[in-house]
Amino acid sequence: MSLARPARFRAFVALTGAAILALAAVPSSASAATSATIDFAASGYTTGALKPAGQNGWVQAKVADYSLVENSSFPNSGLPSGGRSLQFSSSTIPSGGAHLVSPTIEAAGEPSTGAIYNTFEAQFTVASATGALQTGLNVDVALDGSSRYGGVVKLRHTAAGLEIGSYWVPQSAPDAELSSWRSAAFTTVDAAVPHTIRLVAVFLEDRADSLQIFVDGQLVSGGSGLTTWEFYHVHAGTGGDKSVDGISFKSSSSAPSADGIAYTSGLPALPSAAGQGFLFSGISFASSTSAPPVPTAPPTVPAAPDATPDASIALVDDSVVDELEFSATGFLAYENVYAALYGTGTFGGWFQADASGAVSGTVDVPGSVAYGANTLQLVAETGRVASADFTKIPVPLPTDPPTLPSSPDPTPDAAATLGTPTLTGVTFSASGFGAFENVYAAVFSTPAFGGWFQADASGAVSGVATLPAELPLGSHTVQFTGSVSGWVASATFTKSAPPLPTEPPTTLPPAPEPMPDAPVEAPEGEITGPTVTIRAEGFDPFENVYVVFYSEPTFAGWLQADADGVVEATVTLPAGLPAGEHTIQLVGEASGWTASVQVEVAAAVPPAAVPPAAPLASTGLEIGPSLAAAVLLLALGTLVGLARRRTLKRA
């Protein structure tokens with residue numbers, strides 16, 4: 001690999017086709033086994049000091065305190081008495097690398113090394129030979145031999161128990177000096193009982209390898225930045241991009257530092273642990289191909305989007321309510337990529353590219369992301385950025401009513417402002433809801449759904465809440481509830497019957513409805529009196545209804561339906577109504593509902609009486625016939641004189 005690693009892969013170099021094939025291929029006939037399970041009871045193994053070195057592929061690199069032992073010799077270890085284990089201690093600490101190296105299998109490494117596989121996994125059970133603390137006991141188990149290229153798990157007895165940790169050089173390190181190292185104690189467990197430890201290394205081209213440590217099935221190294229020793233070897237000049245084909249054991253004089261910077265060195269040996277120390281059993285390891293683990297901890301998201309992204313993101317829909325479906329290409333094989341949403345710089349989750357470098361998925365758009373124009377960016381471990389703009393739109397109003405509470409909230413968050421209610425609705429305004437939040441109205445005392453409404457950007461909402469037709473007259477409560485925030489605003493109102501109009505409708509239908517909505521009940525036979533009693537149903541509760549007689553449309557008065565929409569009244573026949581057949585039609589003012597019936601009027605209704613002319617004002621003078629005649633002659637004479645004067649003037 002190259003030592004120079006830019007923060008951003010502006011000049012992005014894709015994996016060659018050969019490298020991708022090398023990563024994904026499985027050989028038809030491997031030159032070595034791809035896994036090994038160590039059974040110390042198998043043929044070729046004998047117990048004793050410095051064993052199993054020289055047996056079944058095990059190699060002694062340095063003389064140290066280790067031996068192949070019967071578990072029965074260590075009854076307090078907690079291991080099955082019928083098996084065998086590798087005993088290893090730090091009673092002496094020879095200098096240098098590994099002290100005992102396992103048999104090898106098919107190597108795993110980055111594709112550029114020629115390795116067929118990219119993943120190496122090892123597992124073992126570790127127990128205290130004494131079944132108790134041996135404070136100061138300190139042993140490393142590494143992936144690979146003396147190079148320890150695949151990384152290390154450190155096992156150390158402290159006063160608190162069995163400490164399990166590691167140390168490594170991160171990708172960002174400038175060199176291999178002690179200050180560039182990082183270390184961590186991931187967990188401390190009970191030293192008196194055996195524990196199963198698993199290491200999984202995934203070797204990645206052009207970026208930091210992944211190394212995970214599991215203890216009793218639980219990941220303990222997550223979020224630490226733990227990696228292999230790749231960058232130590234790069235900076236130390238001992239060669240990078242190596243491969244791993246086995247494991248090794250080493251007594252150690254180092255430990256994780258308190259602050260995680262560098263590591264503590266120069267710890268003493270533990271002579272009292274000679275012939276005791278740790279017992280290792282259940283040892284197995286394997287090479288395979290896999291994707292690296294996806295991080296679980298969110299990264300540090302930049303406050304602003306990258307102004308010059310490397311690529312575009314394809315969005316299924318760029319106008320979204322609460323999630324974005326996306327796809328993008330051009331990343332490294334199996335590269336981890338995180339999503340960031342702007343303008344808020346919100347972390348949108350981790351994703352992983354496939355073998356071709358393509359990544360796709362769905363990003364949740366949380367409520368903290370503002371409505372309107374925003375940006376989605378995908379940021380890879382190598383620094384490559386893909387970007388797309390999208391618009392966040394409000395959640396559409398639901399079509400179905402919600403589950404209503406049985407009674408209004410006794411302590412609402414705010415008061416709503418109401419207009420004058422009608423029989424069918426009441427205007428309102430309220431505030432305090434979330435921006436563009438959907439709000440529903442509920443009418444009490446009997447809960448009834450009053451409609452969905454949507455708040456504006458400031459959280460204010462207004463409209464007309466529907467009042468159910470069956471809502472009785474009297475005092476009621478209308479409550480407005482935010483579907484997300486739960487914010488409640490309410491107010492009381494009084495439902496009243498509308499007053500009857502004082503004037504006839506502006507226009508009357510010229511003819512009765514040929515197909516009325518309902519019949520009118522009226523007495524059978526001829527109408528002989530001045531009134532008729534009628535009854536009709538189907539109108540809105542408390543609706544005003546007008547009565548018209550036909551054939552010539554004649555207004556006969558206003559009536560009002562009751563709470564059940566029933567009209568029942570005695571109507572006076574219109575003045576001047578002729579005898580014979582007529583149609584009585586009732587029309588709902590608001591609903592337009594019509595009801596009619598034909599009746600026979602026995603006798604014409606007298607026309608309305610014309611009121612007498614007003615008498616002249618009295619002056620106190622009596623005008624007799626003679627005086628009246630004289631006045632009339634005087635007037636005529638005056639007119640004739642005027643006419644003669646006009647004729648002479650024209651002449």
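Mentor: The side chain of Ser-85 makes a polar contact with the side chain of Asn-71 at 2.6 Å, where a polar contact is a pair of N or O atoms within 3.5 Å, of which, within protein, one must be able to donate a hydrogen and the other to accept it, and residues adjacent in sequence count only if both atoms are side-chain atoms. This is a predicted model, in which local features need pLDDT of at least 70 and side-chain atom pairs count only at pLDDT 80 or more, while totals for chains, interfaces and linings use all residues. Residues are numbered from 1 along each chain as its sequence is written, and side-chain values use heavy atoms, with hydrogens and water left out.

Ser-85 lies in strand E5, residues 84–88 (strands are DSSP runs of E with at least two residues, numbered from the N terminus). Ser-85 counts as buried because its relative accessibility is 0%, buried being under 20% relative accessible area, exposed over 50% and partly exposed in between, with a 1.4 Å probe and protein chains only. Not counting residues up to four places away in sequence, Ser-85 touches Phe-40, Ser-67, Leu-68, Val-69, Asn-71, Leu-79, Leu-279, Phe-280 and Ser-281, contact meaning heavy atoms within 4.5 Å.

Phe-280, one of the residues that Ser-85 touches, leads on to the largest nonpolar core, which has 58 residues and in which Phe-120, Phe-124, Leu-155, Ile-197, Phe-280 and Ile-283 touch the most other members. Such a core is a set of buried Ala, Val, Leu, Ile, Met, Phe, Trp, Tyr and Cys residues joined through side-chain atoms within 4.5 Å. Leaving aside neighbours within four places in sequence, Phe-124 is in contact with Val-141, Val-153, Leu-155, His-195, Thr-196, Ile-197, Leu-199, Phe-280, Ser-281, Gly-282 and Ile-283. Apart from this core lies another, of 25 residues, among them Ile-527, Val-532, Val-547 and Val-597.

Val-597 is also among the residues that Thr-583 touches, together with Pro-512, Val-548, Phe-549, Tyr-550, Ser-596 and Gln-598, when residues up to four places away in sequence are not counted. Thr-583 is placed in strand E43, residues 580–588, and is buried, with a relative accessible area of 12%.

Conventions:
Helices (H or I, at least four residues) and strands (E, at least two) are DSSP runs, numbered from the N terminus.
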